Amino acid sequence: MEHFESQGHLPSPLVAGRDYPTTYREFIEWFSDEAACVAYLEALRWPDGFECPQCGIAGEPWRETRGRLVCRSCRHQSSVTAGTLLEKTRTPLTTWFEAAWHVTTTKNGFSAKSLERTLGVRYRVAWTMLQRFRVAMVRAEREPLSGSVEVDEARVGGVEHDGKPGRGTRKCVVAIAVEVKQPMGFGRVRMRHVTDASAASLRLFVCAMVAPGATVHTDGWSGYNWLAQSPYSHQRTVMSASEDPAHVAMPGVHRIASLLKRWILGTHQGSVSDEHLQAYLEEFTFRFNRRTSRSRGLVFRRLLEQVATTAHISEADLIHGYQW
Ligand SMILES: [Zn+2]
């Protein structure tokens with residue numbers, strides 16, 4: 001971020017790899033007021049300097065009161081938050097930044113309830129911030145999975161009546177894909193709340209998440225038969241109930257599913273509605289895919305970068321029917 005303008009609190013000049021705070025103390029020092037947050041967002045949204053959202057012409061804008069930026073070419077008025085997820089927010093940027101810091105630097109993140117308590121904001125505000133972060137998080141996961149990829153479905157939420165989970169139980173079906181590394185370990189993960197475990201649903205999921213040419217490892221479920229005639233190479237392990245438990249043949253997906261369930265039950269006390277399940281899956285994915293990041297501060301910066309560059313969505317869309 002060469003164009004980062006120091007606001008006094010910030011180290012100047014910012015050098016590559018040090019454009020994010022590494023400790024909470026540093027975080028507090030850097031983002032003590034709205035101006036510092038605005039400057040940071042500007043650097044994230046326009047890394048090559050301001051570019052007018054209206055006419056697209058680059059060049060330092062006129063700066064007016066209350067953060068208004070006026071294009072010197074077409075005189076269009078904007079701001080660093082206009083058109084982004086932060087558009088017209090009534091919550092101070094310092095609060096948004098603090099929420100982003102807590103969400104990205106704690107191992108399991110925050111529930112809306114704990115964010116409410118920590119920041120002293122209303123529950124509704126905390127919930128909305130988390131939902132907007134989750135919309136931003138999905139944008140960070142663009143690259144399809146590749147190499148060797150395990151795919152399976154897991155059942156999340158709901159109550160098991162007969163204690164026998166299977167493809168017929170009334171739970172949310174979550175399709176999971178995870179890269180499997182040799183000789184051991186996992187790469188990135190992707191997940192989607194799908195309507196069912198049909199071939200049509202699973203095909204849409206795999207084609208959206210996995211790069212052609214990858215080896216896709218599944219169990220013997222007929223919903224994966226189409227993989228035999230596809231741009232993927234299909235590795236199929238048929239298991240009967242009596243032999244190999246699923247986690248032996250599909251260690252990646254089994255592990256992810258149990259981490260996911262534990263996270264929903266632990267951090268979120270299981271209070272995840274069907275309608276918002278995908279939002280939680282996006283947060284889990286974002287966190288999991290950055291679990292080995294060398295700095296939590298870097299993850300904080302990445303989240304804010306997505307917030308600053310993701311298009312605005314209305315409150316109504318956020319609450320009902322956001323199209324993931
Ligand atoms: Zn303009």
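Tutor: One definition comes before the rest: two strands pair if DSSP finds at least two bridges between them. The model is predicted, so read every value below as computed from that prediction. The part to look at is the sheet with 5 strands.

Start with the order. The strands run β6-β5-β4-β7-β8 across an open sheet, and the pairing is mixed. The edges are β6 (186-194) and β8 (233-237). Each has a single partner strand, so one side of each is left without a neighbour in the sheet. On average, neighbouring strands are turned by 25° against each other, direction ignored.

Now the pairing itself. Strands of a sheet pair through backbone hydrogen bonds, and the sense is either parallel or antiparallel. Both senses can be found here. Take β4 (residues 148-156) and β5 (residues 172-180): 8 bridges join them in the antiparallel sense. To find this pair in the model, look for Asp 152, which stands opposite Ile 176 in β5.

Cross to the other neighbour of β4. Strands β4 and β7 run parallel and share 3 bridges. Glu 150 has His 217 in β7 as its bridge partner. Move on one strand from there. Between β7 and β8 there are 5 bridges, and this pair is parallel too. His 217 turns up again, standing opposite Gln 235 in β8. How much of β7 is covered? Of the 5 residues in strand β7 (residues 215-219), 4 are buried.

Helix α8 (residues 251-266) packs on it and touches β4, β5 and β6. Its direction makes about 40° with that of β4. Helix α9 (residues 277-289) lies across β4, β5 and β6 as well. Relative to β6, α9 runs at about 180°.

Stay with α8. Which residues of α8 are buried? They are Gly 252, Val 253, Ile 256, Ala 257, Leu 260, Trp 263 and Ile 264. They cover an arc of only 130° around the axis, which puts them on the same side of α8. An α-helix has 3.6 residues a turn, so residues three or four places apart point the same way.

What covers that side? The cover includes β4, β5, β6 and α9. On the other side of α8, Arg 262 and Leu 265 are exposed.

In α4 (residues 112-119), the buried residues are Ala 112, Ser 114, Leu 115 and Leu 119. Down the axis of α4 they fall within an arc of 160°, so they line one face of the helix. Here the packing is against α3 and α5 (123-139). Gly 120 follows α4, and its phi is positive, near 65°.

Thr 95 lies in α3 (residues 93-105). Is Thr 95 buried or exposed? Its relative accessible area is 14%, and buried means under 20%, so Thr 95 counts as buried. Leaving out residues up to four places away in sequence, Thr 95 touches Leu 119, Val 121 and Met 129. Leu 119 was also listed among the buried residues of α4.

There is another sheet to note. Its 3 strands form an open sheet in the order β1-β2-β3, with antiparallel pairing. β1 (62-63) and β3 (77-78) are its edges, each with a single partner strand, so one side of each is left without a neighbour in the sheet. Strand β1 joins β2 (residues 69-70) through 2 bridges, running antiparallel. Arg 63 has Leu 69 in β2 as its bridge partner.

Finally, the whole chain. Its secondary structure comes to 11 helices and 8 strands. Of its 324 residues, 47% count as buried. Take the contacts with a separation of 6 or more: residues 24 or more positions apart account for 60% of them. The chain exposes about 16400 Å², and carbon and sulfur atoms supply 51% of that area.

Key. Residues are numbered from 1 along each chain as its sequence is written. This is a predicted model: local features need pLDDT of at least 70, side-chain atom pairs count only at pLDDT 80 or more; totals for chains, interfaces and linings use all residues. Side-chain values use heavy atoms; hydrogens and water are left out. Axes are lines fitted to C-alpha atoms, for helices over the stretch in contact, and angles run from 0 to 180 degrees between N-to-C directions. Contact means heavy atoms within 4.5 Å. Buried means under 20% relative accessible area, exposed over 50%, partly exposed in between (1.4 Å probe, protein chains only). The arc is that of the directions from the helix axis to the C-beta atoms. Accessible areas come from the Shrake-Rupley method with a 1.4 Å probe; for residues, only the protein chains shown count as cover.
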